[in-house]
Amino acid sequence: MIALYARISKKDKRVQKVSNTIENQLFLLRSYVSDNAICGEQEDIHEFTDDGYSGTDRKRPSFMKMLAWVELEKIDTVIVKDFSRLSRDHLLISELREKYFPLKQIRFIAVLDGYDSLSDENTGIIYPFKTLFNEFYCSDISRKVRCSLEAKKSSGEYAVAKLPFGYEIKDSKVVCRKDKAELIRNIYKRRKEGSTYEEISKLYDMTVSQVWRILHEPAYLGFHVWHRYEIESLPLKRRVKQMPEQWKMVSDDKNDIAVIDESMLSDDIVRYYGKSHRKNNARHIFHGITKCGICGNALCSDRAKKGWLCCRKCNGKEKKLIMTGRLYQLFFDRLKVVFYGEICCGDREKKTAGQIGNREIELFEKLCQNIKTDVDREMLLNIFVKRIYVSEPEKVIIYWRIKK
Ligand SMILES: [Zn+2]
């Protein structure tokens, strides 16, 4: 049986990519099947569709069903429009394409990527890069979507997933419940009178951290706050806490949401809002991927010398290791070697170096030219790099996310 698989995400729908609608994908796949005489006589074609599912989601119903059918040996060919329809996760794609499908003797075709596992033109080397590009594209898109969401939020539309304690939505407006507002005011009053967090928590049967959160919540002063967390999709999906200066706030026009005013703040909270939290915690573009090659501790920005990465554990004091600019240069030089090296490895006698993957080289160079901002650099790093160990200045080991 031939499986045609189509997927569209909610995002794709929002930006109205006509070429990606389920119907259009299926049309393309059906035409491909008939044009290329892929379907044997009396062979069945089954269409699997996931409507409104992201390519980063592995638990799409039809996708899982299709894999189950593969497992049951009901399917011998899988056809998709391009790799990204199957998944936006390049590790999963490589897993399927290089291990799972061959193991199950599945012929796999990605029409617009020009990939057919039966064709001997596939060196199988350049494809990991394609899927990496996909991921880059995907994260770029999600950034754009995020931006428009932020525009919405700053124009007053409340769009955070979780409301602060005490609030509810009534007639599509955020309001504070009366009984909770009373409780919140009492907590602030107690704190101003000198009660400790612990005393307050016992009095109102809360945890200390609940009390802390209530006492540090700008919403009670009449601010809409968002961007408290940033969702990083790469290398792993995780929520990263943002420092209060990075929060975005607008004061509520009608002051519907305010519960207290500034005069009710205790001194420590006034100081908290006034203090810069960023100073010592500035994130560098290698955040989350660089480690000290000696002790394994995460590298952080040097407090005194701007632009330097250091290990705070080694030698009992800050050990300066490398400048971020230099480390990026090293990464980039080696990426080129890895990238072009990969292409050369893909040269399996038939092709001369000049013919191999010219389009991919072009793509790669275009990609590199577009890397200008730190945000893009950070994204590029996260896509290609698993981990970087720095043990001495210039002594750098990079673990790539590219499967060899
Ligand atoms: Zn160290």
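1. A word on terms before we start: two strands pair if DSSP finds at least two bridges between them. Helices (H or I, at least four residues) and strands (E, at least two) are DSSP runs, numbered from the N terminus. With that in hand, strand 16 (residues 385–392) pairs with strand 17 in the antiparallel sense, over 6 bridges.

2. Please keep in mind that this is a predicted model, in which local features need pLDDT of at least 70 and side-chain atom pairs count only at pLDDT 80 or more, while totals for chains, interfaces and linings use all residues. Residues are numbered from 1 along each chain as its sequence is written.

3. Here is the overall picture. The protein chain has 13 helices and 17 strands. Of its 404 residues, 24% are buried; a residue is buried if 20 or more other C-beta atoms lie within 10 Å of its own, exposed if 12 or fewer, and partly exposed in between, with C-beta atoms placed from the backbone. Two residues are in contact if their C-beta atoms, placed from the backbone, lie within 7 Å. Among contacts between residues at least 6 apart in sequence, 60% join residues at least 24 apart.

4. Back to strands 16 and 17. Within this pair, I388 stands opposite I398 of strand 17, and E392 has K395 in strand 17 as its bridge partner. The two strands form a hairpin with 2 residues between them, and E394 in the turn has a positive phi of about 75°.

5. Not counting residues up to four places away in sequence, K386 touches Y399, W400 and R401. K386 and R401 are 15 residues apart in sequence, with their C-alpha atoms 5.3 Å apart in space.

6. Another open sheet of 3 strands has the order 13-14-15, with antiparallel pairing. Its edge strands, strand 13 (300–301) and strand 15 (319–323), each pair on one side only. Strand 13 and strand 14 (residues 308–311) run antiparallel and are joined by 2 bridges. Across that pairing, C300 stands opposite C310 in strand 14.

7. Now to a helix pair. Helix 7 (residues 178–192) packs against helix 9 (residues 208–215) at an angle of about 95°, with the axes 10 Å apart. That makes the two helices roughly perpendicular (angles under 35 degrees count as roughly parallel, over 145 as roughly antiparallel, 65 to 115 as roughly perpendicular and the rest as oblique). I184, I187, Y188 and R191 of helix 7 meet V211, I214 and L215 of helix 9. The residues of this contact divide into 6 nonpolar, no polar and 1 charged; Ala, Val, Leu, Ile, Met, Phe, Trp, Tyr, Cys and Pro count as nonpolar, Asp, Glu, Lys and Arg as charged, and the others, Gly among them, as polar.

8. Helix 2 (residues 22–35) has 14 residues and reaches 20 Å from its first C-alpha to its last, close to the 20 Å expected at 1.5 Å a residue; the expected span is 1.5 Å times one less than the number of residues. Q25 is in helix 2 and counts as buried, with 23 C-beta neighbours inside 10 Å. Leaving aside neighbours within four places in sequence, Q25 is in contact with A6, N20, K81 and R85. Q25 and T49 are 24 residues apart in sequence and 9.7 Å apart in space, C-alpha to C-alpha. Just after helix 2, A37 takes a positive phi of about 50°.

9. Most residues other than glycine have a negative phi. Q105, which is not a glycine, has a positive phi of about 55°. Q105 sits in the loop between helix 5 (90–103) and strand 4 (107–110) and is exposed, with 10 other C-beta atoms within 10 Å. D205 also has a positive phi, near 55°. The loop between helix 8 (197–203) and helix 9 holds D205, which is exposed, with 7 other C-beta atoms within 10 Å.

Conventions
Axes fitted to C-alpha atoms, helices over the stretch in contact; angles between N-to-C directions.
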